[in-house]
Amino acid sequence: MTKHALITGITGQDGAYLAKLLLEKGYRVHGLVARRSSDTRWRLRELGIESDIVFLDGDLSDGTALQRAVVKARPDEIYNLAAQSFVATSWDQPITTGIVDGLGVTHLLEAIRQFSPETRFYQASTSEMFGLIRADRQDENTPFYPRSPYGVAKLYGHWITVNYRESFGLHASSGILFNHESPLRGIEFVTRKVTDAAARIKLGRQRELRLGNIDAKRDWGFAGDYVEAMWLMLQQDKADDYVVATGVTTTVRDMCRIAFECLELDYRDYVVIDPAYFRPAEVDVLLGNPAKAERVLGWQPKTSLENLIRMMVEADLRRVAKE
Ligand code: NAP
Ligand code: GDD
């Protein structure tokens, strides 16, 4: 029997990699797409999978659309990846962020509860929920302390997922994923901003790179590895919550150094610190402990930060050269 999956946020970084993984596993993949005035399917084309996907219209803020999508797709599994996912924007659009990243999760869970209670559910939770960290290495038992409207909205999404699991017995899991990147990462996130700028500087298309707090530390992994953990969570008999991380943390400064060194450049010659990129409240450091994911799911990250950054720099170099 062919399994059916519904992915919200299929046009985003993780949505594209997850869709590819599920197609390779023989799934029929349905993708929820919000109406936009310009094209958002470039990542799916880049991976060569656009024509393999059944697209359904819907926005996370519109519960009726989500109900229709669930009834149409009759999915065995739903992966809720849709979100206003850029932390910095969440201070400028706190209400939208709350509606989509928080209440949107309830809309989807309600659609499952009413129309398809056997459907397994994955919620894209985040290490941003740890915010002002309460333990040096964060795991499933570390208390949360979000530091942005994004983190607060995602914390609601996390707890409503736990609550629907406990209240209605839904197979609903929450993946607490630490930062993960790839050549398909949005250009506004720091890793991609850096690799794109390094490529442009190398090719003489840009002179400097303006950044904010380069002392911030993140636990960065490869998105292609992380979508596998999402899938594994929904293959377990029992739904649960898992931290997915590499267990290594690195400053933005060092990440820059590695990226520029790939092109035989010294980041110190090009990086300018610009107060415009500092945040109203910062998450200074994140460092995950993925021991539970390793023990229960048999999941481990496969890609080192050095290899990830090299992959991103090389992809950006090829793309910028063609412009
Ligand atoms: P992304 O590239 O920003 O993708 C977000 C997706 O959500 C896009 O497909 C976007 O559609 C869609 N979307 C936004 N608002 C929507 C709405 N109102 N209704 C329906 N769809 C909407 O994010 P990502 O990096 O793939 O992350 C996937 C999920 O994991 C997000 O929920 C994010 O918060 C979470 N997460 C990410 C990371 C990470 O490091 N990447 C870590 C932890 C958790 P458009 O293309 O039309 O904008
Ligand atoms: N974006 C950006 N731009 N970040 C900068 C810059 C800059 O110019 N300069 C310094 N930074 C710092 C930010 O202040 C932050 O501490 C760090 O770089 C990482 O920023 P982002 O790449 O924007 O990611 P994020 O950590 O805020 O959020 C990402 O990871 C979360 C998981 O921890 C997003 O993917 C979220 O959706 C995800 O939940």
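Which strands does helix H3 (residues 63–73) lie across? In this predicted model, helix H3 lies across S1, S2, S3 and S4, and runs at about 155 degrees to S3. Helix H1 (residues 13–24) is placed across strand S1 (4–8), strand S2 (28–33) and strand S4 (77–80), with a direction at about 175 degrees to S1.

These strands belong to an open sheet of 7 strands, in which the pairing is parallel and the order is S3-S2-S1-S4-S5-S6-S11. Strand S3 (54–57) and strand S11 (241–244) each have a single partner strand, so one side of each is left without a neighbour in the sheet. From one strand to the next, the twist averages 20 degrees.

The protein chain as a whole is assigned two parts: domain 1 (4–180 + 221–244) and domain 2 (186–219 + 249–286 + 303–321). Their C-alpha centres lie 27 Å apart. Where the domains meet, 19 residues of domain 1 are in contact with 15 residues of domain 2. Together the two domains bury about 1600 Å², of which 59% is on carbon and sulfur atoms.

Polar and charged groups also take part in this interface. There are 3 residue pairs in polar contact across the interface of domain 1 and domain 2, and 1 salt bridge is found there. On the domain 1 side that touches domain 2, strand S10 (221–222) and helix H8 (223–234) each supply at least two residues. The side chains of Glu128 and Arg218 form a salt bridge, with an N to O distance of 3.8 Å.

Methods: Residues are numbered from 1 along each chain as its sequence is written. Chains are lettered from A and ligands numbered from 1 in the order in which they are written. This is a predicted model: local features need pLDDT of at least 70, side-chain atom pairs count only at pLDDT 80 or more; totals for chains, interfaces and linings use all residues. Side-chain values use heavy atoms; hydrogens and water are left out. Two strands pair if DSSP finds at least two bridges between them. Helices (H or I, at least four residues) and strands (E, at least two) are DSSP runs, numbered from the N terminus. Axes are lines fitted to C-alpha atoms, for helices over the stretch in contact, and angles run from 0 to 180 degrees between N-to-C directions. Contact means heavy atoms within 4.5 Å. Domain bounds come from an automatic or database domain assignment. Buried area is the accessible area (1.4 Å probe) that two parts lose on being put together, summed over both. A salt bridge is a side-chain nitrogen of Lys or Arg within 4 Å of a carboxyl oxygen of Asp or Glu. A polar contact is a pair of N or O atoms within 3.5 Å; within protein, one must be able to donate a hydrogen and the other to accept it, and residues adjacent in sequence count only if both atoms are side-chain atoms.
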